[in-house]
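These are my notes from a first look through the structure. I went from one contact to another and then to a single chain.

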Amino acid sequence: MIKKATVVVLILVGLLFSYVALSLPPTGDHEAPAALHVSPRYIEKAYEETKTPNMVCAVLADYRSYDTLGETVVIVVAGIATVFILGVRRPSDEA
Amino acid sequence: MTAHLPILMIVVPLAMGLASPVLAMLSTRLTRALVLLSAAATLGCAAGALQRTLEMGESWSYWLAGWPPPWGIEYVVDPLAGGLNTLIAFLALVTLVYAGPYLEKRTPLEKGTFYALFLLTVAGLMGMVITGDMFNLYVFLEICSLTAYALIASGGRRATVAAIRYLIIGSAAACMYLLGLGYVHVMTGSLNMADLMVLLPPLMADSPVMVLAVVLMAAGLGIKVALFPLHGWLPDTYSYTPAPVLAFIAAVMTKVAAYALYRIFFFVFAVAGPVSVTLEVMGWLAAAGILFGSIMAIAQRDLWRMLAYSSVAQVAYIVLGLAIGNSLALIGALLHIVSHSVVKGLLFLIAGGVKWQTGLRNIPEFVGMARHMPWTMGVFVIAAMSMIGLPPTIGFFSKWYLILGAVEAGAWVFVAVLIASSLLTAIYFFRAIEFAYLKGKKPEEVPAEAVLPARAGLELPVRMLVPILVLGVGVVLLGLFNEQLVTNVIQYALPWRLP
Amino acid sequence: MELVQPAFLLVQLVAALIALNHRDLMVAVIMFAAFSFCSALLFTLMDAVDVGFTEAIVGAATTLFYIAVLYRVKRRSSA
Amino acid sequence: MLDQGIGYYLTGYLNWWLIGVLFLVGLYGVIVKENLLKKVMGLNVMQVAVILFFLNISQKTDTVLAVLGAGEKAGDVVAYVNPLPHALMLTAIVVALAVTGVALALLLKVYRDYGTLEEPELFRRMQQ
Amino acid sequence: MRKGFGSIVLDVAFRHLAPFMILYAVYVLVHGHYGPGGGFQAGAMLGLALCLVQLVQGHDAKPKWGLGMTAGLVLACVGALIYVGIGLAAFVWSGNFLDYGVLPIAAIPAEARALGILGIESGVTLGVMGVIFVIFDLLTRDKGQGA
């Protein structure tokens with residue numbers, strides 16, 4: 001019962017998504033705001049400023065390198081968390 | 001070095017957190033000393049940054065990697081963000097001191113990973129508070145959430161189930177936030193908060209995309225805040241998590257999410273178009289949540305579960321303040337973020353101390369507790385006063401501002417809800433206090449030795465008692481100096497300056 | 001008219017639905033691997049070769065983890 | 001609305017629609033499915049949908065991937081794809097992997113403790 | 001997974017495969033500046049190579065190649081610390097955090113940035129390699145084997 005209600009609600013949300021999609025810029029639009037506001041600088045100046053022809057690499061590891069630090073920390077956290085969850089024997093395990 | 005304070009307060013716990021699993025394999029004593037030192041250093045950095053922004057009187061922008069904001073990432077420290085970070089660092093230091101006895105007989109590997117996860121949670125939360133970039137907020141949200149899931153899971157079998165349910169719900173929430181951010185990005189092409197403040201207003205009026213973006217972000221952050229119908233993860237999580245972890249997570253995590261909600265709705269979206277409707281809906285949900293949480297708290301016998309449900313209610317106060325949305329209510333909401341962090345952390349420290357010393361969790365078993373633990377229970381009374389909203393504690397002033405704001409806005413239903421909730425809170429806290437104090441007065445009726453195990457009759461060890469006392473004094477001091485707090489710190493964080 | 005991407009998206013939808021609804025968890029995991037592989041191809045089609053490459057590797061790692069877990073737990077699930 | 005022809009809508013908007021549906025399929029998995037492993041899978045589907053959403057933002061017609069050709073010193077904005085969402089999504093993929101790793105570790109611990117991954121059965125065993 | 005499923009065929013095949021995997025991972029890392037690839041992909045590839053070692057040789061066989069859980073953890077933490085360390089190094093030459101342009105490792109700031117990117121990507125490689133291996137190792141352990 002609740003499952004069916006959930007599915008109905010999700011279908012309604014899907015209709016909302018579809019309606020909203022009509023207000024988005026169409027796929028592949030050169031005039032979309034996302035293509036005009038911030039990213040042109042990366043395309044035009046990335047090589048000059050970082051000597052890296054791969055713009056994705058320049059954005060990832062230089063312009064937004066702090067995000068990448070966060071990413072590295074997230075993945076290391078995953079390792080530490082796995083050790084903390086599975087690799088440690090603690091007294092409460094026997095309870 | 002003072003020029004780098006905003007980043008140092010993140011990097012110090014981050015670096016120490018990454019180093020501690022390695023260091024713990026060499027020497028656990030050294031690790032503990034260094035961890036405490038780094039927590040203190042974090043506190044120092046945060047306090048220094050706070051002081052500097054107070055001197056400058058405006059927000060302080062720090063460009064990471066030296067790139068100017070819309071292209072790079074910036075950190076923005078305003079007085080409230082600095083203040084919140086000081087509070088987070090302080091609570092982290094206090095909780096780490098308190099955690100000492102809990103970790104005594106554990107393996108070095110467990111100690112090292114525990115310290116690592118704890119410090120990385122601190123770094124993640126502090127990064128969320130001061131970041132000026134929407135995507136960076138997501139990354140740090142994930143850091144602090146992932147560490148929290150792992151820390152929660154250390155409380156035994158049931159805690160593991162609570163942790164994985166929290167993980168699934170919380171990651172779905174983060175996904176929703178990210179999709180909402182995608183809708184914002186597709187319409188503006190920017191990720192920087194200050195930049196979005198300029199770009200968004202023309203779009204807010206009539207674009208259906210913004211409605212969806214606002215709703216998705218509200219749902220995502222609402223789950224993290226544990227707003228009423230989305231609070232499902234909270235009671236289980238809070239009942240089974242070990243106390244030192246819980247005191248920090250319960251104190252800070254939901255509040256930081258609420259602060260992020262505040263910044264996104266009031267600064268990035270600037271309360272235009274769909275945001276005000278969403279806020280109104282959230283206000284009604286919060287009112288329902290306050291009543292629901294309070295009533296459920298009365299129904300609990302377990303102290304921890306009672307505190308968990310009271311958290312649902314108290315967090316809803318903050319959202320209610322945001323929903324009312326005038327200056328007084330916003331001051332109340334922001335002050336309540338501070339007040340509830342300190343008080344809830346304190347209450348869980350006390351609950352954890354009682355459990356650690358006597359093994360008791362249920363309120364009816366607390367008979368005579370006040371004679372055995374006079375200091376702890378004394379502080380419990382202060383904390384309860386703050387939760388109920390009695391002067392001179394900080395809880396009184398935050399509720400006072402909230403009620404004043406509701407009266408000014410003419411929202412009488414909200415006034416009624418706030419007052420009713422205070423009464424309900426009084427009921428469930430007085431019940432606990434009654435069992436701890438009054439019933440214990442008649443030892444001939446209930447022999448305390450029969451109720452409490454052999455280890456009882458002792459006050460907590462100093463390492464656990466000092467944090468409790470410090471926070472207890474803090475609750476009163478914050479209450480006494482609330483006016484300075486409002487005029488110096490919170491006033492500058494309002495979307496408009498007070499007249 | 002470029003409908004290659006929607007076609008891939010449809011394949012992904014079908015794979016995701018099978019993965020979520022099949023009773024045998026091993027089938028679910030394999031379908032999930034197919035889903036992940038389709039994502040990698042689709043990302044590459046969208047000119048995001050970096051992301052596609054990463055997704056290919058991450059998909060391999062994720063599938064490896066899933067299978068490692070599946071090796072331990074019961075394979076059947078309720079719908 | 002129809003003056004641009006159905007083809008315009010198919011090429012321009014079909015991607016947005018299907019990505020939205022994919023996100024909701026993931027959400028359906030997270031909410032409705034009772035098996036914890038399937039919930040984690042639903043989470044992964046959601047994350048892939050969000051990544052596809054961002055990559056769809058970055059697309060421009062007739063562009064090449066965001067790597068400068070040999071010897072070029074600067075790019076022409078209309079010739080290269082928008083690199084910003086790619087960088088963001090690399091981070092998001094890694095976060096997704098980390099979440100999956102932690103989720104599976106927790107899941108394995110739950111299975112060792114309770115011997116089941118079905119939620120109703122799990123709650124029944126927790127009550128005991 | 002105490003016993004690996006390594007028959008002699010797999011063992012020999014693996015012996016010939018592993019050097020190329022490592023070589024390709026290094027190529028992906030270094031070539032990240034000029035084409036798709038980078039630290040994360042290289043690290044994940046190395047991590048998966050280590051998992052392959054584990055699968056072929058098993059836990060108990062005193063692996064000739066490969067790591068234990070603690071070594072993986074140390075590797076992960078050290079990798080991330082390299083990243084943070086390079087970020088902090090910029091303070092000495094009065095740059096902001098992670099500003100590789102000020103580091104005196106190349107004639108002009110842009111080249112210093114390229115080298116800085118390579119440096120942090122190596123850190124990411126180490127970290128990811130360790131983590132993928134640690135997660136796999138723990139997921140395949142038998143119960144009670146954890147220490």
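I began with polar contacts between chain D and chain E, in what is a predicted model, and found 1 residue pair, both at pLDDT 80 or more. A polar contact here is a pair of N or O atoms within 3.5 Å; within protein, one must be able to donate a hydrogen and the other to accept it, and residues adjacent in sequence count only if both atoms are side-chain atoms. By class, the side of chain D that touches chain E holds 8 nonpolar residues, 1 polar and 1 charged. I took Ala, Val, Leu, Ile, Met, Phe, Trp, Tyr, Cys and Pro as nonpolar, Asp, Glu, Lys and Arg as charged, and the others, Gly among them, as polar.

I looked for salt bridges between chain D and chain E and counted 0 (a side-chain nitrogen of Lys or Arg within 4 Å of a carboxyl oxygen of Asp or Glu). Chain D brings 10 residues to this contact and chain E brings 11, contact meaning heavy atoms within 4.5 Å. The area buried between the two is about 740 Å², with 76% from carbon and sulfur atoms. Buried area is the accessible area (1.4 Å probe) that two parts lose on being put together, summed over both.

Conventions, for the record: residues are numbered from 1 along each chain as its sequence is written, and chains are lettered from A and ligands numbered from 1 in the order in which they are written. Local features need pLDDT of at least 70, side-chain atom pairs count only at pLDDT 80 or more, totals for chains, interfaces and linings use all residues, and side-chain values use heavy atoms, with hydrogens and water left out.

Next I turned to chain D and chain C. How much area do they bury between them? I noted about 3900 Å², 76% of it on carbon and sulfur atoms. On the chain D side, α1 (6–32), α2 (36–58) and α3 (83–114) each supply at least two of the touching residues. That side has 28 nonpolar, 13 polar and 4 charged residues. The contact involves 45 residues of chain D and 46 of chain C. I found 9 residue pairs in polar contact, both at pLDDT 80 or more, and 0 salt bridges.

Notes. Helix = DSSP H or I, 4+ residues; strand = E, 2+ residues; numbered from the N terminus.
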